[in-house]
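Welcome! Please open your viewer and keep the selection panel at hand, and we will go from stop to stop together.

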Amino acid sequence: MLNKRVEEALNSQLIVEAYSSHYYLAVASWAEVNGLGGTSEFFYEQSDEERMHMLRLVKFINERGGKAVIPRIEMPQNDFKSLRQVFEDFLKHELAVSAKVNEVVGICHEEKDFPTMNFMQWYVSEQIEEEAVVRTILDQLNLIGDDKSGLYHFDRDLKNIKTPQITINNTAN
Ligand code: FEO
């Protein structure tokens with residue numbers, strides 16, 4: 001059986017991942033109606049990945065004898081000033097997610113729940129990779145500045161940036 005405190009921490013991480021999926025869906029949709037096809041595709045994919053992160057938690061909690069609680073999701077921001085704002089907010093959000101992941105790992109450690117700590121290690125690695133991708137993108141945006149043709153190419157090339165794909169199978173770490 002899952003320790004209650006660990007189960008609560010995992011369920012609160014589930015909310016974070018569900019919100020992330022919703023948030024990136026809003027960004028993808030905004031980009032789509034603003035002619036930013038590459039950005040839109042990139043965020044649709046991010047949204048799908050975050051949903052997989054959520055599903056992975058649902059399955060793990062239930063398999064370990066806990067109960068996953070599917071949350072109501074808060075409405076995300078639906079309008080953005082610029083691509084720069086989109087990616088700066090993206091990094092801020094991922095840093096906040098990393099802090100939450102670390103909190104869960106800390107609770108697992110305190111409760112001596114080493115199997116769950118091992119499971120959460122996947123999220124720790126995923127966050128490191130995601131943060132690195134966003135930082136690379138922000139560096140590119142900083143180089144481009146407000147140059148319209150640069151932004152056009154940036155959006156087009158974003159289609160080719162991939163973040164790591166995951167599998168839902170919890171045992172396949
Ligand atoms: Fe699954 Fe990047 O949070």
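Which hand does the crossing of α3 and α4 have? Before you decide, please keep in mind that this is a predicted model.

**Stop 1: α3 and α4**

Select α3, residues 83–110, and then α4, residues 114–144. The crossing of these two helices, α3 and α4, is left-handed. Their axes lie 9 Å apart, and the packing angle is about 160°. Angles over 145 degrees count as roughly antiparallel, and α3 and α4 are therefore roughly antiparallel to each other. Sorted by class, the contact of α3 with α4 has 19 nonpolar residues, 6 polar ones and 6 charged ones.

**Stop 2: α1 beside α4**

How do α1 and α4 run, parallel or antiparallel? Angles under 35 degrees count as roughly parallel, so α1 and α4 are roughly parallel to each other. The crossing in which α1 passes α4 is left-handed.

Now show side chains. From α1, pick V6, L10, Q13 and E17; they meet T116, M120 and Y123 of α4. By class, this contact of α1 with α4 has 4 nonpolar, 2 polar and 1 charged residues.

**Stop 3: the cores**

Next, select L10, L14, L57, V101, M120 and Y123. These are the residues with the most contacts inside the largest nonpolar core, which has 24 residues. Each of α1, α2 (37–63), α3 and α4 supplies at least two residues of this core.

Zoom in on M120. Which residues is M120 in contact with, leaving aside its neighbours within four places in sequence? They are L10, Q13, L57, V101, V104 and V105.

Another core lies apart from the largest one. This other core has 23 residues, and you can find it by selecting V27, A28, W30 and L141, which are among them.

**Stop 4: S40**

For the last stop, go to S40, which has its place in helix α2. Is S40 buried or exposed? S40 counts as buried, because its relative accessibility is 3% and the cut-off for buried is under 20%.

Now look around S40. Not counting residues up to four places away in sequence, S40 touches A28, A31 and E32.

Note on methods: Residues are numbered from 1 along each chain as its sequence is written. This is a predicted model: local features need pLDDT of at least 70, side-chain atom pairs count only at pLDDT 80 or more; totals for chains, interfaces and linings use all residues. Side-chain values use heavy atoms; hydrogens and water are left out. Axes are lines fitted to C-alpha atoms, for helices over the stretch in contact, and angles run from 0 to 180 degrees between N-to-C directions. Helices (H or I, at least four residues) and strands (E, at least two) are DSSP runs, numbered from the N terminus. Angles under 35 degrees count as roughly parallel, over 145 as roughly antiparallel, 65 to 115 as roughly perpendicular and the rest as oblique. A crossing is left-handed if the near helix is turned anticlockwise from the far one by less than a right angle, and right-handed if clockwise. Contact means heavy atoms within 4.5 Å. Ala, Val, Leu, Ile, Met, Phe, Trp, Tyr, Cys and Pro count as nonpolar, Asp, Glu, Lys and Arg as charged, and the others, Gly among them, as polar. A nonpolar core is a set of buried Ala, Val, Leu, Ile, Met, Phe, Trp, Tyr and Cys residues joined through side-chain atoms within 4.5 Å. Buried means under 20% relative accessible area, exposed over 50%, partly exposed in between (1.4 Å probe, protein chains only).
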